[in-house]
Amino acid sequence: MQKNLSLKLLPSEAASESIIKEYISKSTGVPLSKVTGFYITKSSIDARGKTVWVNLTVHTYINEPFQHRPQLSFDFKNVKKSGRKVIIIGSGPAGLFAALKFLEKNIQPIILERGKDVRARRRDLAALNKEGVLNPESNYCFGEGGAGTYSDGKLYTRSSKRGDINRILNLFAHFGAEENILYEAHPHIGTNKLPHIITAMRKTILDCGGLFFFEKKVVGFEIQRDLISKVITSDGNSFEGDAVILATGHSARDIFQMLQSKKIKIEAKPFALGVRIEHPQELIDKIQYHGKSWEYFKREPFLPPASYSLVEQIKDCGVFSFCMCPGGIIAPASTNENELVVNGWSPSKRNNPYANSGMVVTVEQKHLRAFEKSGELAAMNFQKSVEQKAFQNGGGKYVAPAQRMVDFTSNKISTDLPDCSYLPGTHSASLKNVLPDFIYQSLAEAFKEFGKKMKGYYTNEAIVVATESRTSSPVRIPRSEALLHHPQIKNLYPCGEGAGFAGGIVSAAMDGERLAETIASKLAGV
Ligand SMILES: Cc1cc2nc3c(=O)[nH]c(=O)nc-3n(C[C@H](O)[C@H](O)[C@H](O)COP(=O)(O)OP(=O)(O)OC[C@H]3O[C@@H](n4cnc5c(N)ncnc54)[C@H](O)[C@@H]3O)c2cc1C
């Protein structure tokens, strides 16, 4: 017999296979010896009450041989001689998952990536973190695997209608992610593991006859009537394909500028901008897991480092937490010299002593009046101007301007700053001088409100670091709703986060798959 069961267990119980089996035996009334095995299909933590529970759904085998969790299988074909090829610009999740889908559809993907492979990219990240030297072509946003490679690797998304989330998670597992991503409510992979997964994806693409070019920055298109005939790279080479997927992410400003200069339609898009907040992880654990004593609070070992999600409406501005990284690190995510951007990541174990999160304010058309002359690039140039101020106020070398949280709300320069995970360093400064006034005021109000929702959150133990500005793309590259190509260019497919159709790893991957399916049907004449 096979049965799905829901169990509510203490964290220590949920970590023990034999205890779970005992619960299965108890709740089915079947002797323990007859419970042959189980696998978890859902797992979530419920920390709402005083006792923290783990809710599990388990698929159990009783009195019949246990079978492991069924895995999706993938039919990657050898596409060397397929006779059909598609150029994919950008090897982020959108580009990579499009390429993998093309292998299944017997179409040759040709990936053009401006950055370096994951291993070479790591050296550029070290130079940025340790010496404050930025490589504008190889950094936290640019390079193999895109912005997702050295990220937290959180894999949850709300855009379940846009594609098959389960398939994306199974693909990650197929290429080496741990099985728990298939059932945890908030799965994450971790920065230390993602590069291996991305490398395995590239190996499959190459083994199947796909092509992968690094340090190939696309700078233009040759257009004949309403089709791209050639994709031009900065080294003077050109590439041809049956279609072109443009998956260059939210930070490829030169691509947006190139499209604008060629009068290829783009649109300004609302986005969000703010700061990154960092607290001691023990403090967040204490708040979320209801610890009684700050000094002596230690999370029990079976619980993960706690996270949070906060949202508040301040007058007509939305303020919300973004990309929270428990046990994480604040990272320098700049792509341009003399501009400072921060973001966050965490290792698979989430075992750093800090909890960081973006805290951002929605930026809409009405906030962009000073940038009107930039046309569709107004939001992008607004974003750029704040990043430049952040760089200047940090004092250079990607040192970030920062303030203690209560000092921030009272506009007082902090006399000293708490320890912070941001490796290039922090410099005490007034963030009111960095942020546009509506963002500064909204954040200051919101921090106090958040302190009411999470007692202890509003504290000078927390550090506020500027600026979190790459939350989503400030530009949309439009596409036809039904055929998914650009309205003016029939073989150009804007894709993923940079085009404004995704926000995060899973939704970008799903968008890549969706476009590949659509292109495959078109090429097959379906
Ligand atoms: C530090 C950090 C942490 C993050 N953490 C998470 C997280 O935990 N969970 C989550 O869901 N999301 C996270 N994100 C966001 C996530 O990484 C992105 O949403 C996702 O990667 C977008 O995928 P994409 O393929 O659309 O674009 P990208 O991943 O941005 O990929 C675009 C690619 O295009 C390349 N490119 C750009 N211009 C050109 C050009 N002209 N020619 C050739 N190639 C070009 C770039 O080098 C890049 O590789 C994080 C981002 C960062 C920076």
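Visitor: Which elements each supply at least two residues of the lining of the second largest pocket?
Guide: Heads-up: this is a predicted model, where local features need pLDDT of at least 70, side-chain atom pairs count only at pLDDT 80 or more, and totals for chains, interfaces and linings use all residues. Residues are numbered from 1 along each chain as its sequence is written, and side-chain values use heavy atoms, leaving out hydrogens and water. A pocket is an open set of points on a 1 Å grid over the protein atoms alone, with protein on both sides within 12 Å along at least five of seven lines, and lining residues have an atom within 4 Å of a point. With helices (H or I, at least four residues) and strands (E, at least two) taken as DSSP runs numbered from the N terminus, the suppliers are strand E2 (35–46), strand E3 (53–62) and helix H5 (165–174).

Visitor: Which element gives the most to that pocket's lining?
Guide: The lining has 19 residues, with Lys42, Leu182, Tyr183, Glu184 and Ala185 nearest the pocket's centre. With 4 residues, the top contributor to the lining is E2.

Visitor: Between which domains does the second largest pocket lie?
Guide: The bounds come from an automatic or database domain assignment, which also gives domain 3 (271–468). Two domains both give residues to the lining, so the pocket lies between domain 1 (2–62) and domain 2 (85–266 + 475–523).

Visitor: At what angle do H3 and H5 pack?
Guide: Helix H3 spans residues 93–104, and its axis and that of H5 are 12 Å apart. Axes are lines fitted to C-alpha atoms, for helices over the stretch in contact, and angles run from 0 to 180 degrees between N-to-C directions. The packing angle is about 90 degrees.

Visitor: Which residues of H3 and H5 make the contact?
Guide: Contact means heavy atoms within 4.5 Å. H5 brings Arg167, Ile168, Leu171 and Phe172. From H3 come Phe97, Leu100, Lys101 and Glu104.

Visitor: What volume does the largest cavity have?
Guide: A cavity is a set of grid points where a 1.4 Å probe fits but cannot get out. Searching the whole structure turns up 1 cavity of 30 Å³ or more, and its lining includes Phe97, Phe172 and Ile505. Grid points are joined across faces, edges and corners, and a volume is the space filled by probe spheres set on the points. For the largest cavity that volume is about 60 Å³.

Visitor: Which elements give two or more residues to the lining of the largest cavity?
Guide: Pro93, Leu96, Leu194 and Ile198 are among the lining residues. The elements are H3 and helix H6 (194–207).
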